[in-house]
Amino acid sequence: MSDKESTHSDTALENPENVVEDAVIIESDSDAKAAPKRVTTGGLWLFSVVNFLLIIGICAAAAWTGYQWQQNQTNDSDTGVKIEAELLSMDASIAKINASVAKHDAELVNINEGLHEQNQVLNKNMDSLLQQILQNVDENQALKSRIADLSGRRPADWLLAEADYLVRIAGRKLWLENDVSTAMLMLQAADSRLEDIGDPSLFPVRKLIAEDIQALHQINPISVNSVALALSGMVPQVNNLPLNALKIPEINDNKAENELSENISDWRTNISKTWNALVDDFVQIETSDKPVLPYLSTKQRWLITEQLKLALSQAKSAALDEQESLYLNALQQAIALLVEHFQLDDNNVKQFADALQQLQNTDIAKDYPRQLQSANALKDIIDQRIKSVFKNNTDTGAL
């Protein structure tokens with residue numbers, strides 16, 4: 001197809017009224033060029049009708065779209081008016097609510113201020129009431145204590161005084177008699193008296209009593225009385241210990257054998273007996289394989305035994321007085337006398353020496369506390385209570 005034909009076809013599409021005219025022109029052109037060829041226009045008409053219908057449909061759709069747009073615009077404007085009216089109504093409601101809330105806030109502020117003032121007044125009243133109540137309680141306690149002091153209905157004071165007495169007796173037993181067991185019993189009895197009182201303020205004193213009892217438990221438990229009794233029992237045994245000295249045998253008195261006969265015919269026998277009697281009085285011979293021992297007279301023997309008894313008595317006195325140095329010196333002197341003058345191979349002497357050695361190894365030293373801590377504490381408490389009683393009596397007299 002040539003450019004001219006394409007131009008005519010486009011024009012026919014744009015203006016359907018000129019389709020016939022264009023067809024005649026085309027036909028005339030075709031007749032001029034080729035007379036014998038026949039031209040048909042049925043398809044062109046159909047194409048033109050279809051285009052026309054399409055154009056009509058497009059125009060109708062455009063018109064409908066415009067109508068709908070106008071309707072939508074109208075509806076939108078009505079909806080906007082309604083929304084604006086509703087918003088205005090809501091703003092009015094919100095304004096009313098805000099006004100009501102502001103009014104209530106103002107009322108709450110006023111109520112809070114009134115309550116705050118009332119609370120302050122109530123707090124002041126409560127503080128004054130509490131102070132008055134506490135003052136009344138203190139006064140009541142003071143009055144009760146004064147009444148109890150004045151009426152003498154305080155058995156706890158008697159128990160406290162008894163506990164103080166027991167502690168003082170314990171100190172005397174300890175330092176004057178060195179009786180540790182009795183002193184501990186006294187302290188335990190004093191603690192039981194304080195426990196019967198049931199006063200928590202006395203717990204520090206009870207603690208001091210417990211410390212004193214523990215201090216007495218630390219003292220050497222050896223009984224000096226037992227040591228003294230053991231030494232007393234050893235003194236009589238000294239006389240039974242054999243001395244390490246020469247023992248002079250006893251002279252046999254043969255008076256019956258050496259008696260003279262009254263018969264004259266026995267003159268020879270009588271002369272012989274007289275001679276034997278003279279010889280026995282002057283000379284006596286005894287043999288021994290043991291080493292020669294020194295001779296001790298009766299006074300020397302008595303002196304040695306008495307020295308041993310004296311050493312044992314000194315050890316006994318030192319033990320009762322708990323003088324350790326004198327006790328050990330006396331036992332050492334006794335052991336030295338026993339070794340020097342007595343027969344160590346004798347069984348009695350061996351047992352006696354073992355007993356002395358055992359007593360020498362016994363520790364009798366005792367470290368007593370210088371004072372009982374609970375005594376001063378109890379004395380202070382009693383003095384305070386006595387002062388309070390006198391003060392209450394003075395105050396009562398002034399009233």
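This is a predicted model: local features need pLDDT of at least 70, side-chain atom pairs count only at pLDDT 80 or more; totals for chains, interfaces and linings use all residues.
User: What makes up the secondary structure of the chain?
Analyst: Helices: there are 12 of them, and zero strands. Of the 399 residues, 20% count as buried. Among contacts between residues at least 6 apart in sequence, 76% join residues at least 24 apart.

User: Why is V49 called partly exposed?
Analyst: V49 has 41% relative accessibility. Partly exposed runs between the 20% cut-off for buried and the 50% cut-off for exposed, so V49, at 41%, gets that label.

User: And what makes V49 part of a nonpolar patch?
Analyst: Patch members need over 30% relative accessible area and no salt bridge, and nonpolar side chains are joined within 5 Å. V49 clears the area cut-off because its value is 41%. The patch consists of W45, V49, F52, L53 and I56, with about 500 Å² of accessible area together. V49 itself sits in helix 3, residues 42-151.

User: How do you know that R193 and E162 form a salt bridge?
Analyst: Their closest N and O atoms are 2.9 Å apart. The cut-off is 4 Å between a side-chain nitrogen of Lys or Arg and a carboxyl oxygen of Asp or Glu, so the R193 and E162 pair qualifies. The pair links distant parts of the chain, with R193 in helix 5 (residues 180-197) and E162 in helix 4 (residues 155-175), 31 residues apart.

User: Are R193 and E162 buried or partly exposed?
Analyst: R193 has a relative accessible area of 24%, and E162 comes in at 33%. Buried means under 20% and exposed means over 50%, so both R193 and E162 count as partly exposed.

User: What makes E195 and R206 a salt bridge at 3.8 Å?
Analyst: The N to O distance of 3.8 Å is within the 4 Å cut-off, so the E195 and R206 side chains count as meeting in a salt bridge. E195 is in helix 5 and R206 in helix 6 (residues 203-217), 11 residues apart. E195 is partly exposed, at 49%.

User: Why is K309 called buried while E306 is called partly exposed?
Analyst: K309 has 16% relative accessibility, which is under the 20% cut-off, so K309 counts as buried. E306 has 29%, which lies between 20% and 50%, so E306 counts as partly exposed. The two side chains meet in a salt bridge at 3.8 Å, N to O. Both lie in helix 9, three residues apart, about one turn of the helix. Elsewhere, salt bridges that share partners join D191, E195 and R206 into one network.

User: How many salt bridges turn up in the whole structure?
Analyst: Seven.

User: How do you know that the buried residues of helix 7 lie on the same side?
Analyst: The buried residues of helix 7 (residues 224-234) are V224, V227, A228, L231 and M234. They cover an arc of only 120° around the axis, so they sit on the same side of helix 7. These buried residues pack against helix 9 (298-320), helix 10 (324-341) and helix 11 (347-360).

Terms used: Residues are numbered from 1 along each chain as its sequence is written. Side-chain values use heavy atoms; hydrogens and water are left out. Patches are made of residues with over 30% relative accessible area and no salt bridge: like charges are joined within 9 Å, nonpolar side chains (Val, Leu, Ile, Met, Phe, Trp, Tyr) within 5 Å. Accessible areas come from the Shrake-Rupley method with a 1.4 Å probe; for residues, only the protein chains shown count as cover. Helices (H or I, at least four residues) and strands (E, at least two) are DSSP runs, numbered from the N terminus. Buried means under 20% relative accessible area, exposed over 50%, partly exposed in between (1.4 Å probe, protein chains only). The arc is that of the directions from the helix axis to the C-beta atoms. Contact means heavy atoms within 4.5 Å.
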